[in-house]
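Trainee: I've just opened this one and would like a guided look around. Could we go through it together, one spot at a time?

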Amino acid sequence: MTTLTVPPVPPSPREDAMHLYRAFKGFGCDTSTVINILAHRDATQRAYIQQEYRIIYSEELSKRLASELSGKLETAVLLWMHDPAGRDATIIRLCLTVNRNLEGATEVICSHTPSQLQYLKQIYHSNFGVYLEHDIEANTSGDHKKILLAYISMPRHEGPEVNREIAEKDAKVLYKAGEKKLGTDEKTFVHIFSERSAAHLAAISSYYHDMYGHSLKKAVKNEASGNFAHALLTIIQCAVNPGKYFAKVLHKAMKGLGTDDTALIRVIVTRTEIDMQYIKAEYLKKYRKTLNDAVHSETSSHYRAFLLSLLGPNQ
């Protein structure tokens, strides 16, 4: 469920493009107008605005935005202007090859469905001229590399149907491969986590808890570490409750001294049009504070205004 508030009768993309151009004219940029327009248009509308801007002014809107805005606001707005698959591809590419932020790349990859990943891989190749598999191969290692490569290539069922017998058996197999033995059979974890559907993994998690008295998530934390553990945890938590998972990522980004703005921007911008309502509900439930209030206290100025616009009403 999206939190994006779009006017009931939005102006035409042409009008929006003209208003943006006016906001860029003169000394300094009318940033409030830019935010009021762009933070209240969905992906399709944003694509049309960019098209109209290109036709009327013979320049790319994203280039103009990059020269008019700066800092965290610029980062957030430019990411927002991408189509969703192009945005995910851009984030992964940056995380893998520029920032070495393997946690960010892992999060985006392991929270996607197989069909989303298939499309993402096509976009990745057409945008960057290199296969996603190649960039994973070159920039990750060990079991982390194995789970990512398996996860983006295995065709998985996406429906809600679950074979209970197989799920129960998988829970036992994971127990034997992990907590029951000395050391961990990582191969088994890679195999099950990359080949089972989200609904099936949620069922395994439930059986695991019933049979062994604690969650599969806890078992993963005990048996795996580093980026490999992060990949497994992202897969299992997004299978069970993605809203809760992303609420945790956001809380971690804002906890303590300083804010991890990269994570904050990544999650808010990528999840606004997917499931931000659920994330906000989970955030409130777990941290007894609205996500809007948390973001408000950790950010400032136009950057704050933009993120809060994406988050919608404070509830």
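This is a predicted model: local features need pLDDT of at least 70, side-chain atom pairs count only at pLDDT 80 or more; totals for chains, interfaces and linings use all residues.

Trainee: Which residues of H20 are buried?

Mentor: Within H20, which spans residues 301-311, the buried ones are Tyr-303, Phe-306, Leu-307, Ser-309, Leu-310 and Leu-311. In general, an α-helix has 3.6 residues a turn, so residues three or four places apart point the same way.

Trainee: Which residues touch the most other members of the largest nonpolar core?

Mentor: Those are Phe-193 and Phe-306, in a core that has 93 residues. Helix H15 (residues 226-240) gives this core its largest share, which is nine residues.

Trainee: What does Phe-193 touch, leaving out residues up to four places away in sequence?

Mentor: With those left out, Phe-193 touches Ile-147, Tyr-151, Leu-174, Leu-201, Leu-216, Val-220, Leu-232, Ile-235 and Ile-236.

Trainee: Changing topic, how much space lies in the largest pocket?

Mentor: The largest pocket holds about 480 Å³ of space. It is lined by 22 residues, and the closest to its centre are Glu-103, His-230, Lys-248, Val-249 and Lys-252. Two or more lining residues come from each of helix H7 (102-110), H14, H15, helix H16 (242-254) and H17.

Trainee: Which of the elements gives the largest share of that lining?

Mentor: That is H16, which contributes six residues to the lining of the largest pocket.

Trainee: Now for charges: how many salt bridges are there?

Mentor: The count comes to 16 salt bridges. One of them joins the side chains of Arg-46 and Glu-273, with a distance of 2.9 Å from N to O. This pair links distant parts of the chain, 227 residues apart, since Arg-46 sits in helix H3 (residues 43-57) and Glu-273 in the loop between H17 and H18.

Trainee: Are those two partners buried, exposed or partly exposed?

Mentor: Arg-46 is buried, with a relative accessible area of 0%, whereas Glu-273 is partly exposed, with a value of 28%.

Trainee: What other salt bridges could I look at?

Mentor: Arg-271 forms one with Asp-275, where the closest N and O atoms are 2.9 Å apart. Arg-271 is buried, because its relative accessible area is 7%, and Asp-275 also counts as buried at 7%. Another is formed by Arg-54 and Glu-60, again with 2.9 Å between the closest N and O atoms. Here Arg-54 counts as partly exposed at 39% relative accessibility, and Glu-60 is partly exposed at 30%.

Trainee: What about Arg-87, where does it sit and what is its nearest side chain of opposite charge?

Mentor: Arg-87 is in helix H6 (residues 84-97). This residue is buried yet has no salt bridge, and the nearest side chain of opposite charge, that of Glu-273, is 4.4 Å away. Not counting residues up to four places away in sequence, Arg-87 touches Arg-46, Leu-79, Trp-80, His-82, Val-269, Thr-270 and Glu-273.

Trainee: And Glu-223, how far away is its nearest side chain of opposite charge?

Mentor: For Glu-223, which is buried and has no salt bridge, that side chain is Lys-181, 8.1 Å away. Glu-223 lies in helix H14 (residues 216-223), and its contacts, not counting residues up to four places away in sequence, are Gly-178, Glu-179, Gly-183 and Thr-184.

Technical notes:
Residues are numbered from 1 along each chain as its sequence is written. Side-chain values use heavy atoms; hydrogens and water are left out. A nonpolar core is a set of buried Ala, Val, Leu, Ile, Met, Phe, Trp, Tyr and Cys residues joined through side-chain atoms within 4.5 Å. Buried means under 20% relative accessible area, exposed over 50%, partly exposed in between (1.4 Å probe, protein chains only). Helices (H or I, at least four residues) and strands (E, at least two) are DSSP runs, numbered from the N terminus. Contact means heavy atoms within 4.5 Å. Lys and Arg count as positive and Asp and Glu as negative; His and the chain ends are not counted. A salt bridge is a side-chain nitrogen of Lys or Arg within 4 Å of a carboxyl oxygen of Asp or Glu. On a 1 Å grid over the protein atoms alone, a cavity is a set of points where a 1.4 Å probe fits but cannot get out, and a pocket is an open set with protein on both sides within 12 Å along at least five of seven lines; lining residues have an atom within 4 Å of a point. Grid points are joined across faces, edges and corners, and a volume is the space filled by probe spheres set on the points.
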